[in-house]
Amino acid sequence: MVPRLLIRHQEIETAVGNLAARINQDYSGKNPLVVGVLKGSFIFMADLVRLLGFPVEVEFVRLSSYRGSESSGKVAMVNGLRSPARARDILVVEDIVDTGLSISCVMAHLSRKKPASLKLCALVDKPSRRRVPVTIDYLGFTVPDRFLVGYGLDFNEKFRNLPDIYSLEEGDSAPGAITFVRRY
Ligand code: IMP
Ligand code: MG
């Protein structure tokens with residue numbers, strides 16, 4: 001597998017800024033509960049909430065992984081929401097929507113709690129592999145069917161800490177190969 005630089009950190013920063021600007025407009029005067037889906041969203045979530053100009057509360061949910069047994073398409077909530085969600089404005093933050101099975105499970109879990117509103121913000125959408133319909137209210141990037149790593153996204157739990165996003169592709173040369181830059 002050959003890593004190719006797909007989205008530079010600077011482009012990610014611009015996209016996160018644009019998403020935050022829209023969210024700031026839509027939620028002004030509100031006090032939403034921002035719910036990140038672990039683990040992939042942790043970096044995106046951290047950058048996004050620091051650009052929001054109103055008080056937020058932060059929560060995380062976690063799902064069982066179905067990767068490796070993808071044909072079953074089974075996914076279950078491992079750690080659900082702990083804070084009361086009834087009548088709250090909830091904004092879910094996800095790294096990437098692929099088949100849509102994971103995020104549908106999260107949205108269904110949260111809508112059962114009767115929130116005042118429920119919206120989804122995803123950094124990346126891979127619509128070509130969708131198996132269930134998903135409405136993404138705030139979206140950063142749409143990408144083709146490639147496996148991505150970096151900026152929270154992992155391959156076997158590695159590469160989450162890369163500032164840029166790479167795609168892993170078949171090939172025999174490695175332009176833009178993964179480099180970990182040591183700044184300190
Ligand atoms: P879905 O249920 O197929 O939509 O998959 C969503 C979850 O799988 C995401 O939240 C990611 O954690 C993971 N995932 C999907 N595509 C990728 C990828 O290209 N790189 C890394 N993780 C991915
Ligand atoms: Mg995820």
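Which residues form a nonpolar patch on the surface? In this predicted model, in which local features need pLDDT of at least 70, side-chain atom pairs count only at pLDDT 80 or more, and totals for chains, interfaces and linings use all residues, the patch consists of L38, F42, V58 and F60. Residues are numbered from 1 along each chain as its sequence is written, and side-chain values use heavy atoms, with hydrogens and water left out.

Together the four patch residues have about 310 Å² of accessible area (Shrake-Rupley method, 1.4 Å probe, with only the protein chains shown counting as cover for residues). Patches are made of residues with over 30% relative accessible area and no salt bridge, like charges being joined within 9 Å and nonpolar side chains (Val, Leu, Ile, Met, Phe, Trp, Tyr) within 5 Å. F42 is placed in helix α2 (residues 42-49); helices (H or I, at least four residues) and strands (E, at least two) are DSSP runs, numbered from the N terminus. With a relative accessibility of 37%, F42 is partly exposed (buried means under 20% relative accessible area, exposed over 50%, partly exposed in between; 1.4 Å probe, protein chains only).

S41, in the loop between β2 and α2, is buried at a relative accessible area of 0%. Leaving aside residues up to four places away in sequence, S41 touches G36, V93, E94 and D95 (contact means heavy atoms within 4.5 Å).

Helix α3 (residues 101-111) is largely enclosed by the rest of the structure, because 8 of its 11 residues are buried. Among the buried residues are I103, C105, V106 and M107. Their cover includes strands β2 (33-38), β3 (57-63), β4 (77-79), β5 (89-97) and β6 (117-125).

The structure holds 11 salt bridges, each a side-chain nitrogen of Lys or Arg within 4 Å of a carboxyl oxygen of Asp or Glu. In the pair R4 and E169, the closest N and O atoms are 3.1 Å apart. This pair links strand β1 (residues 2-7) with strand β9 (residues 165-169), the two residues being 165 residues apart. R4 is partly exposed at 26%, whereas E169 is buried at 17%. R88 and E57 form a salt bridge with an N to O distance of 3.2 Å. R88 lies in the loop between β4 and β5 and E57 in strand β3, so parts 31 residues apart in sequence are tied together. R88 is buried at 17% relative accessibility, and E57 is partly exposed at 34%. A network of salt bridges links K39, D154, E157 and R160.

Conventions
Chains lettered and ligands numbered in written order.
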